[in-house]
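Let's take a friendly walk through this structure, from its overall layout to its cores and its charged pairs. Please keep the sequence and the 3D view at hand as you read.

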Amino acid sequence: MIEPRNHLLHDPSAQAAALPSCRPTEAACDVLVVDDHDLLRMGVRALLNAHGAGCARPARLYEARTLADGLDQYRRHRPQIAAVLLDL
């Protein structure tokens with residue numbers, strides 16, 4: 001039997017400790033959704049309103065229908081944006 005050389009492969013606690021935190025910070029916990037489907041953006045908005053983004057403050061949702069508008073939104077709100085969802 002071949003022994004694994006990397007203990008991270010078989011130890012979930014070691015995996016978690018080795019990965020950087022993916023939790024949003026207070027400064028950046030907002031979400032930008034770029035999608036041309038209004039219904040999809042509405043659904044993401046409803047999920048975010050119902051469940052939040054794991055931040056101490058309510059997360060804002062920035063929406064864009066086009067890539068150009070999405071880039072503009074991102075440039076204006078970059079310090080606050082923790083995640084970007086593109087054309088789901």
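Buried residues make up 25% of the 88 residues in this protein, which is shown here as a predicted model. The accessible surface comes to about 6,600 Å², and carbon and sulfur atoms account for 60% of that area. There are 3 helices and 3 strands, arranged in the order α-β-α-β-α-β from the N terminus on. Among contacts between residues at least 6 apart in sequence, 67% join residues at least 24 apart.

**Strand β1 and its partners**

On another, β1 runs parallel to β2 (residues 61-64), with 4 bridges joining the two; Val34 has Ala64 as its bridge partner in β2.

Which residues make up the largest nonpolar core? This core has 8 residues in all: Cys29, Val31, Val33, Val44, Leu48, Cys55, Ala59 and Leu61. The elements that give two or more residues to it are β1 and α2 (38-51). A second, separate core holds 5 residues, including Leu32, Tyr62, Ala64 and Ile81. In soluble globular proteins, nonpolar side chains tend to be buried together.

Some nonpolar side chains lie at the surface, though. Tyr74, Val84 and Leu86 form a nonpolar patch there, with about 250 Å² of accessible area together. Leu86 has its place in strand β3 and counts as exposed because its relative accessible area is 52%, over the 50% cut-off.

**Charged pairs**

Now for the salt bridges, of which the count comes to 6. Side chains of opposite charge can pair when their charged atoms come close.

| Pair | N to O distance |
|---|---|
| Arg60 and Asp30 | 3.1 Å |
| Asp38 and Arg65 | 3.0 Å |
| Glu63 and Arg41 | 3.2 Å |

In the salt bridge between Arg60 and Asp30, Arg60 lies in the loop between α2 and β2 and Asp30 in strand β1, so the pair ties together parts that are 30 residues apart in sequence.

The salt bridge of Asp38 and Arg65 connects helix α2 with the loop between β2 and α3 (67-77), so parts 27 residues apart in sequence are tied together. Asp38 is partly exposed at 39%, and Arg65 is partly exposed at 46%. In the salt bridge of Glu63 and Arg41, Glu63 sits in strand β2 and Arg41 in helix α2, 22 residues apart. Glu63 is partly exposed at 23% relative accessibility, whereas Arg41 is buried at 8%. Through shared partners, salt bridges join Asp38, Arg41, Arg45, Glu63 and Arg65 into one network.

Technical notes: Residues are numbered from 1 along each chain as its sequence is written. This is a predicted model: local features need pLDDT of at least 70, side-chain atom pairs count only at pLDDT 80 or more; totals for chains, interfaces and linings use all residues. Side-chain values use heavy atoms; hydrogens and water are left out. Two strands pair if DSSP finds at least two bridges between them. Patches are made of residues with over 30% relative accessible area and no salt bridge: like charges are joined within 9 Å, nonpolar side chains (Val, Leu, Ile, Met, Phe, Trp, Tyr) within 5 Å. Accessible areas come from the Shrake-Rupley method with a 1.4 Å probe; for residues, only the protein chains shown count as cover. A salt bridge is a side-chain nitrogen of Lys or Arg within 4 Å of a carboxyl oxygen of Asp or Glu. Buried means under 20% relative accessible area, exposed over 50%, partly exposed in between (1.4 Å probe, protein chains only). A nonpolar core is a set of buried Ala, Val, Leu, Ile, Met, Phe, Trp, Tyr and Cys residues joined through side-chain atoms within 4.5 Å. Contact means heavy atoms within 4.5 Å.
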